[in-house]
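Please consult the sequence and the model shown here while reading.

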Amino acid sequence: MHGDPRKVVYPTDSYGQFCGQQGTPNANKAILFYFNILQCANPTVLINLQCPTTQLCVSKCPDRFATYIDMQINYRRNKSYWEYYKQFCKPGFNYPDKPVSHVLRDEDCPPMIVPSRPFLQRCFPDFITRNGTLTVANQTIFKDGHGRIRSVVDLRDAANGITSLLDAKEVGIKIFEDYASSWFWILIGLVISMLVSLIFILLLRFTAGVLFWMVIFGVIAAVGYGIWHCYWEYSSLQGKPDSDITISDIGFQTDFRVYLQLSQTWLIFMISLAVIEAIIILVLIFVRNRVRIAIALLKEGSKAIGCIMTTLFYPIITFLLLALCIAYWAVTAVFLASSGDAVYKVMSTLPNCKYTNLTCDPETFSQSNVTKLCPGSQCTFAFYGGESLYHRYIFVLQLCNLLVFLWVVNFTIALGQCTLAGAFASYYWALRKPEDIPACPLASSFGRALRYHTGSLAFGALILSIVQFIRIILEYLDHKMKGAHNAFTRFLLCCLKCCFWCLERFIKFMNRNAYIMISIYGKNFCGSARDAFFLLMRNVMRVAVLDKVTDFLLFLGKLLISGSVGVLAFFFFTRQIPVIQEEVPSLNYYWVPLLTVIFGSYMIAHGFFNVYAMCVDTLFLCFLLDLEKNDGSVSRPYYMASSLRAILNKKNHKRPDEKKKGRNRRSSNQTKSTDM
């Protein structure tokens with residue numbers, strides 16, 4: 001109702017009207033011009049409109065050096081000088097013969113103009129470095145309109161940092177050119193990473209066990225080599241003088257190579273590595289069956305994705321929904337931020353002016369005592385705000401908008417998790433796979449989640465959003481109190497941040513498993529969360545092993561995919577592949593497409609593997625429920641894969657008619673073999 005996003009997008013002049021505002025004299029004036037840029041301290045002041053000088057909207061920036069004094073002299077000979085200069089004066093001022101002192105006192109016109117170019121919709125001096133010398137329009141000095149000769153360096157100091165911003169803009173243009181010339185090859189790299197991610201997931205049914213055990217045995221071998229090397233170093237130092245000195249004898253040394261000359265150091269290393277080796281071997285001996293179950297579930301997850309390939313592309317839907325959430329939040333935040341009235345404040349160049357930053361009224365400012373006590377002060381637009389009840393609570397409304405943003409984002413993620421869990425659960429609970437899998441399992445699961453489980457998903461998302469909201473407030477308070485010297489307060493904030501971080505992680509874990517239970521049984525959120533929690537607690541060791549094995553393999557996959565595609569992109573963009581060397585586009589910075597391909601490959605692999613991790617978690621909960629609810633009898637058969645039943649020594653009892661069919665099939669085969 002009250003917001004106007006143009007107030008945020010466009011700069012605002014000293015009268016509170018933004019440049020380019022339709023229906024005002026500024027309609028065709030989209031650039032902000034500063035009367036005396038020498039009074040501005042730095043670019044941050046300029047951009048935030050806190051420069052203590054008159055600011056006007058103009059249609060174009062000045063393209064020459066000129067002063068008001070020179071204009072008056074030349075005006076007597078040629079009227080065009082005034083026609084050019086007056087476009088940078090206050091609107092309606094048309095008195096070129098007015099005394100210079102009065103013009104500068106009333107700030108009717110700028111004392112000088114300098115060649116400028118628009119940047120961030122503001123006129124900044126057109127700095128150019130020639131042969132190491134800073135110039136503006138090929139000049140190093142200029143007149144400031146007050147009878148003094150100034151150096152271009154003074155302009156640079158007034159607009160400190162603008163040159164670096166302009167250089168950054170040029171770099172940005174070059175980066176844009178690189179994207180324009182290499183987008184096709186970047187797209188090919190991302191497609192390759194997508195195909196490699198898909199192949200990696202599908203091949204996990206064959207390679208999951210091999211990859212895991214190869215790495216485990218590699219770690220055992222590496223630790224074993226470390227033990228042998230420490231023993232060899234220890235033995236070689238035994239006969240040397242001074243090698244039997246203990247670490248406590250020499251104390252703390254900054255040069256750690258001193259410790260490597262002591263036999264005691266290598267003995268400690270050897271004992272530590274031996275203990276680590278023993279722990280690894282003992283853990284593997286005791287959890288070997290659980291590791292085998294975890295690997296079998298990983299393989300079964302690969303088969304499930306192979307049967308329901310559409311699940312791999314569901315992250316695109318999540319991405320689009322999240323984009324809508326972000327757009328809604330951003331638009332609302334901009335409307336709230338721009339819903340205030342124009343607030344004017346006193347800006348003065350005098351350091352001891354007591355009225356600086358006080359609010360003022362531009363219509364009555366010239367008749368106030370401020371202009372007498374603080375000569376040269378201005379009543380300048382500062383920001384949009386107000387003193388009404390609505391304006392005082394805009395910050396609270398922004399916090400409410402943030403909470404709603406967190407809520408809808410977490411709801412979107414919850415919807416995706418519940419949808420994927422429902423699709424993979426329909427795979428697990430099919431007795432004959434893939435014959436008994438229902439048609440369009442992903443679409444059916446999405447429809448069920450929206451029709452029946454919206455409230456449960458929204459409730460779980462709300463709990464998580466409140467915790468995240470509290471964490472953001474704590475981070476804000478910590479940022480505000482960085483300069484505080486109260487150690488107890490800082491310690492308390494640190495503890496609260498740590499506790500809420502742990503709470504957020506726990507709630508995310510519980511929500512994920514609650515959504516899986518919702519997709520299986522259709523219960524409400526609280527009942528599903530309770531059932532999931534106690535089910536996991538009854539199988540806590542299996543949960544820990546599966547979680548770590550899955551995380552390890554998926555991390556290995558992300559590293560492998562992004563690394564391999566990144567290496568291929570590096571050789572391509574640096575022209576080190578002779579076969580396609582001529583196809584490589586000419587680039588300003590080869591690292592621009594290279595980093596894009598690496599980051600994009602990682603994000604694509606992350607999206608694919610998130611689906612795979614959801615699949616494994618769903619199958620795991622289904623597997624635990626299968627073990628508790630069923631016993632392998634005819635009425636309650638196990639739904640798990642035969643590989644899992646073999647690991648657990650579980651069997652499904654066949655029905656009598658199936659046994660009879662099996663005997664008939666065997667007898668017919670024997671008859672055929674006898675006839676032959």
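## A buried serine

In this predicted model, Ser 197 counts as buried because its relative accessibility is 0%, and the cut-off for burial is under 20%. The residue belongs to helix α7, which spans residues 162-238.

Beyond its neighbours within four places in sequence, Ser 197 is in contact with Ile 561, Ile 604, Ala 605, Phe 608 and Phe 609.

## Packing of α17 and α18

Two packed helices are described by the angle between their axes and by the distance separating those axes. For helix α17 (residues 487-521) and helix α18 (residues 525-537), the angle is about 105° and the axes are 8 Å apart. Helix α17 is therefore roughly perpendicular to α18.

On the α17 side, the residues making the contact include Phe 506, Phe 509, Met 510 and Tyr 515. Those contributed by α18 include Phe 525, Asp 531, Phe 533 and Leu 536. Classified by type, the contact of α17 with α18 has 12 nonpolar, 3 polar and 1 charged residues.

## Positive phi values in two loops

Cys 440 has a phi near 50°, a positive value in a residue other than glycine. Its position is in the loop between α14 (394-428) and α15 (441-452). With a relative accessibility of 55%, Cys 440 counts as exposed.

Arg 575 is likewise not a glycine, and its phi is positive, at about 60°. This residue lies in the loop between α19 (540-573) and α20 (591-629). Its relative accessible area is 36%, so Arg 575 is partly exposed.

Notes:
Residues are numbered from 1 along each chain as its sequence is written. This is a predicted model: local features need pLDDT of at least 70, side-chain atom pairs count only at pLDDT 80 or more; totals for chains, interfaces and linings use all residues. Side-chain values use heavy atoms; hydrogens and water are left out. Helices (H or I, at least four residues) and strands (E, at least two) are DSSP runs, numbered from the N terminus. Buried means under 20% relative accessible area, exposed over 50%, partly exposed in between (1.4 Å probe, protein chains only). Contact means heavy atoms within 4.5 Å. Axes are lines fitted to C-alpha atoms, for helices over the stretch in contact, and angles run from 0 to 180 degrees between N-to-C directions. Angles under 35 degrees count as roughly parallel, over 145 as roughly antiparallel, 65 to 115 as roughly perpendicular and the rest as oblique. Ala, Val, Leu, Ile, Met, Phe, Trp, Tyr, Cys and Pro count as nonpolar, Asp, Glu, Lys and Arg as charged, and the others, Gly among them, as polar.
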